[in-house]
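Thanks for passing this one along. Here are some friendly notes to read beside the structure.

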Amino acid sequence: MTWFRRVLNLWKFLDFSGPFNTEVKPRILLMGLRRSGKSSIQKVVFHKMSPNETLFLESTNKICREDVSNSSFVNFQIWDFPGQIDFFDPTFDYEMIFRGTGALIFVIDSQDDYMEALARLHLTVTRAYKVNTDINFEVFIHKVDGLSDDHKIETQRDIHQRANDDLADAGLEKIHLSFYLTSIYDHSIFEAFSKVVQKLIPQLPTLENLLNIFISNSGIEKAFLFDVVSKIYIATDSTPVDMQTYELCCDMIDVVIDISCIYGLKEDGAGTPYDKESTAIIKLNNTTVLYLKEVTKFLALVCFVREESFERKGLIDYNFHCFRKAIHEVFEVRMKMVKSRKIQNQLQKKKGATPNGTPRVLL
């Protein structure tokens, strides 16, 4: 069973019509020159398309907007811009686009001459910053799978230096650009998108603090809070993230969804393949244990534990119960904030209207 089919099976059982999906979603813009790999990134990360299948994608010729609502935290819009579009044309309302944007991802093809891309990056960033100073600017140095390790480092250094020098020459040193080496043929694109999404989660410090408390009291070496469908991790503890560790977590989620979709349903197809009873233990050959537990119907906690520490599984499970309860409280607080915001918006609309519903002219 392919990953795409497994995800479809899981999506059938998840209800995305909750109260969080009525919020105004932050917007992520995918920009860059033609054939830089923007649409391929979106298809691989959010549509589970095989990287090899992206070779047959046609070039994007219009703005593609899509809602991403995989969980209560991973909830935003992706706008994929064609490389040839001139969104600074006078007839194009670029201020409206940038005003509601949370993050702007600019994709640069590392295997091509990137001087033109850097010029477009500078123009895009400076215009966007004038409209919205709160935008997070992310630069994906893409298609690095075809470069040697030394070439990757040199390319990133050169792009980083040139982009920041251009901003300094324009007197815009306060604009911060984040750079990532990415490829759709490994997990680097998922890790990069994870870090982009995390910046749009206002609860991130709370989640990281909860994870730090959990691992320090449980003898756990590393813990990730994953969105099950997209395999984006929305939070991790304060210890450094190792790429191999992240890849193992993603593979474990694949295995759990695979087995759950096969054996997690009753003979008549009733039940859900991923629920509050979902758990998995995988013992590696290096005395390390991978431990997965369901946190919400959208999120899973994946931990790395030494075998000697895993002998105290009762303690780990108790601490996890406390952690899970705290995560649900974070959800509840957010739900109250959403409801309060809705009520305020409704009251403001009523104040701005006469009894027959005609808007008042404010003088």
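Which residues make a nonpolar surface patch of about 430 Å²? The points below start there.

1. **The nonpolar patch.** Val255, Ile259, Ile262 and Tyr263 make this patch. Patches consist of residues with over 30% relative accessible area and no salt bridge, where nonpolar side chains (Val, Leu, Ile, Met, Phe, Trp, Tyr) are joined within 5 Å and like charges within 9 Å. The areas were computed by the Shrake-Rupley method with a 1.4 Å probe, and for residues only the protein chains shown count as cover. Tyrosine 263 belongs to helix α8 and is exposed, at 66% relative accessible area. Here buried means under 20% relative accessible area, exposed over 50%, and partly exposed in between (1.4 Å probe, protein chains only).

2. **A word on the model.** Please keep in mind that this is a predicted model, in which local features need pLDDT of at least 70 and side-chain atom pairs count only at pLDDT 80 or more, while totals for chains, interfaces and linings use all residues. Residues are numbered from 1 along each chain as its sequence is written, and side-chain values use heavy atoms, with hydrogens and water left out.

3. **The negative patch.** Asp165, Asp166, Asp169 and Glu173 form a negative surface patch. For charges, Asp and Glu count as negative and Lys and Arg as positive, with His and the chain ends not counted; each charge is placed at NZ of Lys, CZ of Arg, CG of Asp or CD of Glu. Aspartate 166 sits in helix α5 (residues 149-169) and is partly exposed, with a relative accessible area of 30%. Helices (H or I, at least four residues) and strands (E, at least two) are DSSP runs, numbered from the N terminus.

4. **Salt bridges across the sequence.** You will find 12 salt bridges in the structure, each a side-chain nitrogen of Lys or Arg within 4 Å of a carboxyl oxygen of Asp or Glu. One of them joins glutamate 221 to arginine 306, with the closest N and O atoms 2.8 Å apart. Glutamate 221 is in strand β7 (residues 220-227) and arginine 306 in strand β11 (residues 299-306), so this pair ties together parts 85 residues apart in sequence. Glutamate 221 is partly exposed at 41%, and arginine 306 is partly exposed at 29%.

5. Aspartate 254 pairs with lysine 231 in a salt bridge, the closest N and O atoms being 3.3 Å apart. Aspartate 254 counts as buried at 16% relative accessibility, and lysine 231 counts as buried at 7%. Lysine 195 and glutamate 191 form another salt bridge, at 3.8 Å between the closest N and O atoms. Both lie in helix α6 (residues 188-198), four residues apart, about one turn of the helix. Lysine 195 is partly exposed at 33%, whereas glutamate 191 is buried at 11%.

6. Phenylalanine 214 and phenylalanine 323 make a tilted pair, 5.5 Å centre to centre with 35° between the planes. Phenylalanine 214 lies in helix α7 (residues 204-216) and phenylalanine 323 in helix α10 (residues 313-351), so the pair ties together parts 109 residues apart in sequence. Both phenylalanine 214 and phenylalanine 323 are buried. Do look at the aromatic cluster too, formed by Phe46, Phe76, Phe140, Tyr180 and Phe193.

Technical notes:
Phe/Tyr/Trp six-rings, centres within 6.5 Å; stacked < 30°, edge-to-face > 60°.
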